[in-house]
Every structure is written in C-alpha cells, then in structure tokens.
Amino acid sequence: MAWYPDAVKMELQPESDAQAAIRPTQFIVHSIIAPWTARRTYEYWRDSTSLESHFGIDYEGVVGQYIGTETRADANAGANRRPDGTGAVSAETASNTSGSDPWNDKQIFDLIAIGVWLHQKHGIPLRICRSHSDPGYGYHSMFSQWSTSGTACPGKARIKQFKEVVFPGIVARANGKTTEPDQEETAVPHTIGRFETTDRPLIPGKWTTLPIEGVDLLTGATAYQAMVQLTAELPDGATLQGRFYHHRPDGSRWTAGLSERQGTAGSTFADFHNSGSIAASEKLRFEACYWPVEADDQRSITITTSRLRGLYWK
C-alpha cells in the first residue's frame with residue numbers, strides 16, 4: 001500500500017484491506033458535484049456500498065487519502081483494475097452542484113503535486129492517456145470505458161484547466177522546470193501586475209466592483225491565476241468579502257466562489273484568489289462587500305490600497 005505523504009489519511013475499511021491490489025498506471029481526475037470537504041467525501045464513501053476514490057481534494061486544499069494507491073478503488077469503471085492487474089488512481093475534487101466551476105488555486109496545486117508524486121512513486125509516464133488502457137494522465141469523461149453510464153465529469157472548465165494548466169504543470173514540476181510547457185508548443189505565461197492607492201469606500205452590505213488601474217482586470221486570455229490583495233480600514237471582527245467574476249458582453253456574468261476575511265485591529269490585509277478559464281469575449285473583474293460587526297452600523301469603510309498579481313495564458 002502506498003500513501004501520499006501530504007494527505008490526511010482517512011482509511012476506508014473494509015475496502016482498504018479487502019479489495020484487490022493494482023499496479024498503478026493512470027491518474028484520473030473527477031469532480032464530485034458537491035462542495036464537500038475531504039472529510040465529508042470520506043464519510044460519503046464510508047457510507048456507500050459501491051464506490052470510492054483514492055483521494056479527495058477540497059476547496060481549502062486539504063487532501064484526504066482513503067485507500068492506498070496500490071489497492072483498487074472503484075471510481076473509474078473499467079479502469080479500476082484490468083485483467084493484467086493494472087489500474088487507475090482516482091482523485092475526486094470538490095465542485096459546485098452543477099460541476100461547472102473551475103478548480104481554484106489550491107486544488108490545482110494539489111492535483112499537480114499528486115500527479116508528480118505518482119510519476120515519481122509509480123512511474124506513471126508524463127503523457128495524456130492515448131486510449132482507455134494507455135498509461136498516463138486523464139479526466140473521467142475522456143473515455144467511455146471509464147464510466148459505465150457516461151459522464152461530463154469533471155466539467156468543461158476543469159477539462160480546459162487540465163489540458164492547459166494541470167497536466168503541463170505536472171510535466172514541468174516533474175522535470176524540475178518553473179515554466180509549464182504546452183504539449184505542442186511552449187506556453188509561456190504572461191504576468192499581471194497592477195497597483196492602486198486610490199481610496200475606495202465600501203457601503204455595508206453592497207457589492208462594489210473595485211478598479212485596479214481599470215475595472216477590467218484581464219481580457220484576451222484563455223486561462224489565468226490571479227490574486228487581489230487589499231488593505232482596508234475596518235473594525236476588529238468585521239468581515240470583508242471578495243470574489244472574481246467574468247463580465248460578458250450581454251451584461252450577464254459567471255461568478256467565482258466567495259472568500260471572506262476578518263478585520264483586525266489597525267489595518268487589515270486581505271487576499272483573494274481565483275484561477276479559471278475565460279472566453280475571448282469575457283472580462284475579468286473583482287468585487288468586494290463589507291459587513292459590519294453590528295447589523296445597524298451603516299458607516300462605510302475604506303479600501304486604501306489594491307494590488308493585482310497573477311499569471312495568464314493566451
């Protein structure tokens with residue numbers, strides 16, 4: 001049995017001892033279609049009678065491992081264990097309930113790290129699987145043999161990230177490189193760097209789009225990883241929330257997950273992260289909302305500095 005050293009071990013029994021051994025030759029990624037923690041995923045598998053994955057990765061970057069990677073797990077149908085004893089390692093990742101959201105930065109980091117470890121530990125070759133039985137890396141909907149009833153897992157946004165960010169990241173890190181080469185040509189990321197010291201007031205309970213050298217933070221990209229850092233003056237214990245969104249020409253939008261930070265005595269320094277794929281017609285923006293300690297406190301607070309840092313791919 002092999003256990004990933006950076007995972008929280010949550011061993012499933014009797015499956016861990018009772019199920020057949022495998023020789024791992026593939027890594028297949030999934031979305032679980034629920035915003036679950038790694039612990040909640042473990043509880044779901046524990047109470048299920050038919051399915052389980054090797055890993056669960058939640059939004060906070062916690063990795064749970066439920067079965068050793070040299071033991072069969074049953075999330076991949078025909079790839080679980082083949083007649084020759086080979087099989088796939090599976091990772092379920094937290095998602096929204098429609099499976100439409102992209103992986104966040106922490107999930108991407110964990111998928112890359114697990115992928116590199118599997119290459120080093122089990123010799124999984126650094127290539128995308130060319131067939132359902134070909135050793136390498138893939139995602140659940142890639143081959144019908146990996147799903148008995150058909151699936152769109154892990155979702156369009158994450159499939160794009162797998163191809164453009166996750167798998168190139170595994171290859172780059174496994175080879176000791178800091179850039180992440182595309183499979184056919186080198187995909188060098190561009191950097192984002194913006195900074196503003198303009199005071200921006202926030203009214204309690206109202207979402208406000210924050211300009212950082214302009215309202216549109218990014219256009220003309222296919223994928224990005226971005227972080228907004230804010231310095232704010234707000235009461236100790238108050239809440240500052242932030243989220244990225246993709247603004248579309250018709251006025252509609254795709255909104256990323258919400259993050260929140262608690263105010264501290266003196267200045268509060270808050271950071272907000274997101275990564276995803278973006279259509280050519282969409283514009284990346286960021287908005288924030290302030291919530292006072294007392295609900296009847298209607299005084300505004302002030303964002304004093306705004307920074308944007310990140311990478312994007314064209």
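Lys9 is exposed, with a relative accessible area of 51%. Here, exposed means over 50% relative accessible area, buried means under 20%, and partly exposed lies in between (1.4 Å probe, protein chains only). Glu11 is partly exposed, at 26% relative accessibility. Lys9 and Glu11 form a salt bridge, with 3.9 Å between the closest N and O atoms. A salt bridge is a side-chain nitrogen of Lys or Arg within 4 Å of a carboxyl oxygen of Asp or Glu.

The model is predicted: local features need pLDDT of at least 70, side-chain atom pairs count only at pLDDT 80 or more, and totals for chains, interfaces and linings use all residues. Residues are numbered from 1 along each chain as its sequence is written, and side-chain values use heavy atoms, with hydrogens and water left out.

By the salt-bridge rule, the count comes to 16. Among them is the pair Arg46 and Asp47, whose side chains meet at 3.1 Å, N to O. Asp47 is exposed, at 57% relative accessibility. Arg46 is partly exposed, at 43%. Salt bridges also link Arg127, Arg130 and Asp134 in a network.

Lys283 and Asp216 form another salt bridge, at 3.7 Å from N to O. Lys283 lies in strand 15 (residues 283–291), whereas Asp216 lies in the loop between strand 9 (208–209) and strand 10 (223–233), so the pair ties together parts that are 67 residues apart in sequence. Strands (E, at least two residues) and helices (H or I, at least four) are DSSP runs, numbered from the N terminus. Both partners are partly exposed: Lys283 has a relative accessible area of 32%, and Asp216 has 25%.

Glu52 is buried, with a relative accessible area of 2%. Glu52 sits in the loop between helix 2 (38–47) and strand 3 (55–57). Beyond its neighbours within four places in sequence, Glu52 is in contact with residues including Leu12, Glu15, Trp45, Ile67, Arg72 and Ser90. Contact means heavy atoms within 4.5 Å. Ser90 is 38 residues from Glu52 in sequence, and the two C-alpha atoms are 8.8 Å apart in space.

Polar contacts of the Glu52 side chain were also computed. The side chain of Glu52 makes a polar contact with the side chain of Gln19, at 3.1 Å. The Glu52 side chain also reaches the backbone nitrogen of Asp74, at 2.9 Å. A polar contact is a pair of N or O atoms within 3.5 Å; within protein, one must be able to donate a hydrogen and the other to accept it, and residues adjacent in sequence count only if both atoms are side-chain atoms.
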